[in-house]
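Please look over the sequence and the structure shown below before reading on.

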Amino acid sequence: MGRSNVGKSSLLNSLLGVDGLARTSSTPGRTQSINFFLIDRQFYFVDLPGYGYAKTSKENRRLWGQLIESYLAERPQLVLSILLVDARHEPTPSDLQMKSWLQHYELPFLVVSTKVDKLSSNERRKSQQRAMIALGVDRVIPYSSITREGASQVWEIIHSRIKGTD
Ligand SMILES: Nc1nc2c(ncn2[C@@H]2O[C@H](COP(=O)(O)OP(=O)(O)OP(=O)(O)O)[C@@H](O)[C@H]2O)c(=O)[nH]1
Ligand SMILES: [Mg+2]
């Protein structure tokens with residue numbers, strides 16, 4: 001989950017090493033439905049539609065909120081939510097809202113900072129610090145769907161949540 005264009009579908013594809021599985025686009029708002037990907041017949045990756053897309057109507061925004069909130073509230077099988085934030089920007093009010101929902105429903109989640117390939121190492125450090133403070137979390141994983149940096153760390157966390165070992 002994460003705002004429109006943050007790189008949700010790209011993260012999914014890069015974790016799996018399959019280009020084009022989840023549709024990606026430079027047009028924000030590409031993913032408009034909840035898409036399920038069955039992995040190794042064992043678990044699902046779920047690609048959620050993004051939020052914060054400026055051109056969306058109020059009504060669409062309201063429907064989106066209902067869809068996501070009821071999805072989070074009514075899915076006991078959710079073992080891990082991954083909240084994506086753009087490394088280049090301060091987390092938005094919608095990102096904070098998302099995090100509040102995750103906490104409210106007591107869902108385990110991981111924050112991943114995307115597109116770090118676009119930052120210098122100094123900028124990355126600052127961006128990571130900023131995201132940790134804004135979201136009040138003690139871990140933010142730097143990720144790039146281009147270099148696959150962060151992929152093994154994210155996989156490790158996914159696996160341990162699936163096995164229930166953390
Ligand atoms: N440089 C760089 N570009 C990225 C990265 N991840 C995604 N992008 C680009 O960002 C754009 C949006 O990526 P998507 O994966 O479609 O984003 P999304 O979050 O699924 O977007 P919606 O489905 O519209 O909510 C595309 O042009 C991607 O190529 C990354 O790690 N590095
Ligand atoms: Mg998408």
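Asn5 lies in the segment before helix 1, where helices (H or I, at least four residues) and strands (E, at least two) are DSSP runs numbered from the N terminus. This is a predicted model, in which local features need pLDDT of at least 70 and side-chain atom pairs count only at pLDDT 80 or more, while totals for chains, interfaces and linings use all residues. Residues are numbered from 1 along each chain as its sequence is written, and chains are lettered from A and ligands numbered from 1 in the order in which they are written.

**Backbone positions and loops**

- Most residues other than glycine have a negative phi.
- Asn5 has a positive phi of about 75° although it is not a glycine, and with 22 C-beta neighbours inside 10 Å it counts as buried; a residue is called buried if 20 or more other C-beta atoms lie within 10 Å of its own, exposed if 12 or fewer, and partly exposed in between, with C-beta atoms placed from the backbone.
- Glu106, in the loop between helix 3 and strand 4, also has a positive phi, near 55°, but Glu106 counts as exposed, with 6 C-beta neighbours inside 10 Å.
- Leu78 belongs to the loop between helix 2 and strand 3 and is partly exposed, having 18 other C-beta atoms within 10 Å.
- Between Leu78 and Phe43 the C-alpha to C-alpha distance is 9.9 Å, although they are 35 residues apart in sequence.

- Three strands form an open sheet in the order 3-4-5, with parallel pairing; two strands are said to pair if DSSP finds at least two bridges between them.
- Strand 3 and strand 5 (140–142) stand at the edges with a single partner strand each, so one side of each is left without a neighbour in the sheet.
- From one strand to the next, the twist averages 30°, an angle between N-to-C directions that can run from 0 to 180 degrees, with axes fitted as lines to C-alpha atoms.
- Strand 3 and strand 4 run parallel and are joined by six bridges, and Val85 has Ser113 in strand 4 as its bridge partner.

**The nonpolar core**

- The largest nonpolar core has 20 residues, and those with the most contacts inside it are Leu11, Leu83, Leu84, Val85, Val111 and Val112; such a core is a set of buried Ala, Val, Leu, Ile, Met, Phe, Trp, Tyr and Cys residues joined through C-beta atoms within 7 Å.
- Helix 1 (8–16), strand 3, helix 3 and strand 4 (109–114) each supply at least two residues of this core, and the largest share, four residues, comes from strand 3.
- Leaving aside neighbours within four places in sequence, Val112 is in contact (C-beta atoms, placed from the backbone, within 7 Å) with Leu11, Ile82, Leu84, Ile141, Tyr143, Gly150 and Val154.

**Helix 3**

- Helix 3 (residues 93–104) has twelve residues and reaches 16 Å from its first C-alpha to its last, close to the 16 Å expected, the expected span being 1.5 Å times one less than the number of residues.
- Asp95, Met98, Lys99 and Trp101 are the buried residues named in helix 3, and they cover an arc of only 155° around the axis, which puts them on the same side of the helix; the arc is that of the directions from the helix axis to the C-beta atoms.
- The cover over these buried residues includes helix 2 (58–73), strand 3 (81–86) and helix 4 (121–135).
- On the face turned away from the buried side, helix 3 carries the exposed residues Pro93, Ser100, Gln103 and His104.

Technical notes:
Two residues are in contact if their C-beta atoms, placed from the backbone, lie within 7 Å.
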